[in-house]
Amino acid sequence: QVQLVESGGGLVQTGGSLRLSCAASGSTSRIIAMGWYRQAPGKQRELVASITRDGSTNYADSVKGRFTISRDNAKSTLYLQMNTLRPEDTAVYYCNADYRIPTMGDFASWGQGTQVTVSS
């Protein structure tokens, strides 16, 4: 019921910046929270940043002060501004949306992922 498409990944040098976008479609009014996750080769998928319906945000310690999560409700789009990138930020980044259907429960949708590579 919620579809997500990420864009904005690419190759950047250490210290550079990228902005990821996630376009949501479908039953977007049912979304209660959204977030960005990442997965590096040989590593578990980890939460990078999230934002709730009321606008509250939280970040992984490794990205605090460098990354900013935001959303444009009119465009149903989620963003992740990434500054001062480091090689350890290299990963596939995934957009996530949690949504609620009354009387049924909570569900999750995932985007296809976008590759971010930070060169030394």
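**Entry 1: the surroundings of S17**

I began with S17 and listed its contacts, setting aside neighbours within four places in sequence: S17 touches V12, Q81, M82, N83, T84 and L85. I note here that the model I am reading is a predicted one.

I then looked up where S17 sits in the chain. S17 belongs to the loop that runs between strand 2 (10-13) and strand 3 (18-26).

Is S17 buried, exposed or partly exposed? I found a relative accessibility of 39% for S17. Buried requires under 20% and exposed over 50%, so S17 counts as partly exposed.

I next examined the side chain of S17. The side chain of S17 forms a polar contact with the side chain of N83, at 2.9 Å.

S17 and R86 are separated by 69 residues in sequence, and their C-alpha atoms are 9.8 Å apart in space.

**Entry 2: the disulfide**

How many disulfides does the structure hold? I counted one. The disulfide links C22 with C95, and the S to S distance is 2.1 Å. C22 is in strand 3 and C95 is in strand 9 (residues 91-101), so the bond ties together parts that lie 73 residues apart in sequence. I reminded myself that a disulfide is a covalent bond between the sulfur atoms of two cysteines.

I looked up the torsion about the S-S bond of C22 and C95 as well. The torsion is about -80 degrees, and the disulfide is therefore left-handed.

I then checked the accessibility of each cysteine. C22 has a relative accessible area of 0% and is buried. C95 is likewise buried, with a relative accessible area of 0%.

**Entry 3: the largest pocket**

My last search concerned empty space. Rolling a probe the size of a water molecule over the atoms shows where such space is left. In the largest pocket I found about 250 Å³ of space.

Which residues lie nearest the centre of the largest pocket? I noted T28, I31, M34, R71 and N73, out of a lining of 14 residues.

I sorted the lining of the largest pocket by residue type: six residues are nonpolar, five are polar and three are charged.

Finally, I traced the lining back to the strands. Strand 4 (31-39), strand 7 (67-72) and strand 8 (77-82) each contribute at least two residues to the lining of the largest pocket. Strand 4 gives the most, with four residues.

Terms used
Residues numbered from 1 in each chain as written. Predicted model: local features only at pLDDT ≥ 70, side-chain atom pairs only at ≥ 80, totals over all residues. Heavy atoms only, no water. 1 Å grid on protein atoms, 1.4 Å probe; cavity = no way out; pocket = protein on both sides within 12 Å on 5 of 7 lines; lining within 4 Å. Points joined across faces, edges and corners; volume = space filled by probe spheres on them. Nonpolar A, V, L, I, M, F, W, Y, C, P; charged D, E, K, R; others polar. Buried < 20%, exposed > 50% of the residue type's maximum accessible area, 1.4 Å probe, protein only. Contact = heavy atoms within 4.5 Å. Polar contact = N/O pair within 3.5 Å; in protein donor to acceptor, adjacent residues only side chain to side chain. Disulfide = S-S within 2.5 Å.
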